[in-house]
Amino acid sequence: MTTTVSLPEYTEEYKQQQHQQVLEADVVHEWECVLRHQDKHHLPLFMVGGISVVFGISYYLSTDTNFLYMWPIFVAIFVPVSYFLFDADYDYKGQITPKGIIVQQTERVPEIFYKATRGMAYIGIVVCVIAALMVGPLAFVGAGAFALLSFKMTGFHKQPQVLVYPFLESFTYRNTCSELDDIYQWDIYTFMCDIPSFDDQKLYNLYWFGFRCKASDFPHIEKVLKQYIRFAD
């Protein structure tokens with residue numbers, strides 16, 4: 001089906017206006033799921049193996065018993081860090097409004113990790129100040145970047161990532177992906193849609209949308225979407 005409706009002119013102001021309309025509209029349907037990678041449990045095992053090899057070789061070459069004491073400490077620190085931070089799970093929430101879709105992704109990381117990061121940041125600030133007092137201003141040649149990073153990390157908190165996808169109601173959308181996603185555990189369904197008649201890449205990126213949900217939730221989500229936008233046959 002070919003449409004004769006004229007395309008809007010893309011500007012940053014237009015983009016912000018479209019996003020604001022979506023954010024201010026009433027939510028007519030929402031869903032939630034958890035995104036967890038299939039191979040998530042492998043990374044801690046690789047971390048334990050790598051740390052064990054490094055400390056084993058170090059102990060073999062030096063016979064320093066300190067390596068034996070340090071090994072469990074490094075395992076206790078880096079295994080949970082690798083599990084929660086290197087390949088984080090996400091709490092995923094989708095919302096449909098008459099004007100578009102809002103998606104929120106939030107890392108499923110225990111608050112203790114954020115508190116520990118903020119604590120290490122304050123320690124880093126103290127270390128930089130002591131270094132400046134003992135060594136002099138030249139200490140900041142090496143420590144300045146770390147000091148600035150430490151000040152920034154003191155405000156490290158869990159922040160959801162919010163994506164906004166406005167609808168262009170007068171155009172026909174095309175389904176480009178609709179399938180179970182084998183990247184994730186459980187029955188996570190991936191759906192992507194675009195408008196094929198756009199030559200302007202910025203407009204295309206603005207009105208393209210995609211989301212994830214449980215496979216069992218998708219039929220109802222699709223039914224709700226069809227109330228507000230048209231899909232190609």
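Guide: Leucine 61 counts as exposed, because its relative accessibility is 68% and the cut-off for that class is over 50%. This is a predicted model, and what follows is a reading of that model. Leucine 61 has its place in helix H2, which covers residues 42-62, and together with Val53 and Ile57 it forms a nonpolar patch on the surface, the three having about 320 Å² of accessible area together.

Four strands form an open sheet in the order S1-S2-S3-S4, with antiparallel pairing. Strand S1 (29-35) and strand S4 (161-166) stand at the edges with a single partner strand each, so one side of each is left without a neighbour in the sheet. On average, and with direction ignored, neighbouring strands of this sheet are turned by 15° against each other. Strand S3, residues 100-107, pairs with S4 in the antiparallel sense over 6 bridges, and within these two strands glycine 100 stands opposite proline 166 of S4. Helix H1 (residues 12-24) packs on the sheet, where it touches strand S2 (90-97), S3 and S4, and its direction makes about 105° with that of S4. Helix H7, residues 218-225, lies across S1, S2 and S3 and runs at about 140° to S1.

Since glutamate 30 lies in strand S1 and lysine 93 in strand S2, the pair ties together parts that are 63 residues apart in sequence. Both residues are partly exposed, glutamate 30 with a relative accessible area of 40% and lysine 93 with one of 24%.

Another salt bridge joins aspartate 181 and arginine 212, with the closest N and O atoms 3.7 Å apart. Aspartate 181 lies in the loop between strand S5 (172-180) and strand S6 (188-194), and arginine 212 in strand S7 (residues 209-214), so this pair ties together parts that are 31 residues apart in sequence. Here aspartate 181 counts as buried, at 14% relative accessibility, whereas arginine 212, at 21%, counts as partly exposed.

How values were computed:
Residues numbered from 1 in each chain as written. Predicted model: local features only at pLDDT ≥ 70, side-chain atom pairs only at ≥ 80, totals over all residues. Heavy atoms only, no water. Pairing = 2+ DSSP bridges. Axes fitted to C-alpha atoms, helices over the stretch in contact; angles between N-to-C directions. Contact = heavy atoms within 4.5 Å. Patch = residues over 30% accessible without salt bridge, like charges linked within 9 Å, V, L, I, M, F, W, Y side chains within 5 Å. Areas by Shrake-Rupley, 256 points an atom, 1.4 Å probe, with all protein chains shown as cover. Salt bridge = Lys/Arg side-chain N within 4 Å of Asp/Glu carboxyl O. Buried < 20%, exposed > 50% of the residue type's maximum accessible area, 1.4 Å probe, protein only.
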